[in-house]
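Here is a short report on one protein chain. It starts with a single residue and then widens to the whole fold.

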Amino acid sequence: MPELPEVETIKRELKSFLINKSFIGVKLENKKIIGYPNPRDFLKNIINKKILDIDRKGKFLIFKLSNNYNLTFHLRLSGRLIYKENPKEEVKYTRIMFLLNKGSLVFSEPRLLGRVYLYHDNKLPESLSLLKNLGKEPIMSEFNFQYLKEKIKNRNSSIKSLLLDQKIASGVGNIYSDEALFCAQIHPKRKGSSLKDEEIKKLVRCLKKVIKRAIKEKGTSISDYLRPNGKEGSFQNYLKIFKREGENCFRCNEKIMRIKINNRSSYFCPGCQKEV
Ligand SMILES: [Zn+2]
């Protein structure tokens, strides 16, 4: 959390507030929040620079600045980006605040795991090398049966872990992998190599369906995620499996279970997602 639909929503909504605004100051509350470079260079290369565009790659949010630098946010588990018209309004767990020529952008992060990076277009920092190696996103047309089959056919890891691998399904996290596996009626512990062609096709369709719907609903607000205007998304109202342990399956009425796979919780229905 947040995953592709949440970061996409943040991107779309921040664009309406921030395009063509310039940074006039930075208030750093905790220097750990800056992943790259050091606070001094960070400040030097951001002041008076204009935000030309905001892009998203997987779960990364990338601001394109007028000096060909990228200001990249990785929100990890609990990071939030909030736009305030009045910079004097305080936001809990503010780690860094960007003052703009109108309003301010606050990066709030209770667990301090999220990071912000600033780097020139042609000099990607080591700590962001994942950006070069991200896989296709399920909402892309290139994310199709052939693509997913190629990525999982020789893999003995569970399909759940494979879907969480950002080099395979960029932007997918715990919520949408569980929802898609439920939709495709595939047990999360099945090995990648054990999936039949028909199942892979169904999983691709389900990933696209679930993620597109979640974008339409502006993401899932069940723990920390809020939109930049402080409002909630609404996909939590449409979850069919995630966080429904002990409740009845909408499809077969069996009790939904939760298991740990690689230390991550996975929700599934033992009635209609069989571990064959
Ligand atoms: Zn079921």
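Tyr 147 is partly exposed, because 19 other C-beta atoms lie within 10 Å. The scale behind this word is simple: a residue is buried with 20 or more other C-beta atoms within 10 Å of its own, exposed with 12 or fewer, and partly exposed in between, with C-beta atoms placed from the backbone. This is a predicted model: local features need pLDDT of at least 70, side-chain atom pairs count only at pLDDT 80 or more, and totals for chains, interfaces and linings use all residues. Residues are numbered from 1 along each chain as its sequence is written.

Tyr 147 sits in helix α4 (residues 145-152). Helices (H or I, at least four residues) and strands (E, at least two) are DSSP runs, numbered from the N terminus. Leaving out residues up to four places away in sequence, Tyr 147 touches Lys 136 and Glu 142. Two residues are in contact if their C-beta atoms, placed from the backbone, lie within 7 Å. Gly 135 is twelve residues from Tyr 147 in sequence, and their C-alpha atoms are 9.8 Å apart.

**The whole chain**

The protein chain has seven helices and eleven strands. Its radius of gyration is 20 Å, close to the 19 Å that the globule rule gives for 276 residues, so the chain is as compact as a globular protein of that length. The radius is taken over C-alpha atoms, and the rule is 2.2 Å times the number of residues to the power 0.38. Along its principal axes the C-alpha trace spans about 60 × 35 × 30 Å. Buried residues make up 39% of the 276 residues. Of the contacts with a separation of 6 or more, 64% join residues 24 or more positions apart.

The chain is divided into domain 1 (4-133) and domain 2 (145-268). These bounds come from an automatic or database domain assignment. The domain centres, taken over C-alpha atoms, are 28 Å apart. The contact takes 18 residues from domain 1 and 20 residues from domain 2. On the domain 1 side, α1 gives the most, with nine residues.

The largest nonpolar core has 66 residues. Such a core is a set of buried Ala, Val, Leu, Ile, Met, Phe, Trp, Tyr and Cys residues joined through C-beta atoms within 7 Å. Val 116, Ala 180, Leu 203 and Leu 207 have the most contacts inside it. Helix α7 (residues 197-216) gives the most to this core, with eight residues. Ala 180 touches Leu 203, Cys 206, Leu 207 and Val 210, not counting residues up to four places away in sequence.

**Backbone details**

| Cis bond | Omega |
|---|---|
| Met 1 to Pro 2 | near -15 degrees |
| Tyr 36 to Pro 37 | near -10 degrees |

Pro 2 is in the segment before α1. Pro 37 lies in the loop between β2 (34-36) and α2 (39-44).

Asn 20 is not a glycine, yet its phi is positive, about 75 degrees. Asn 20 lies in the loop between α1 and β1 (23-28). Is Asn 20 buried or exposed? Asn 20 is exposed, with 10 other C-beta atoms within 10 Å. Leu 112 also has a positive phi, near 55 degrees. Leu 112 lies in the loop between β8 (104-108) and β9 (115-120).
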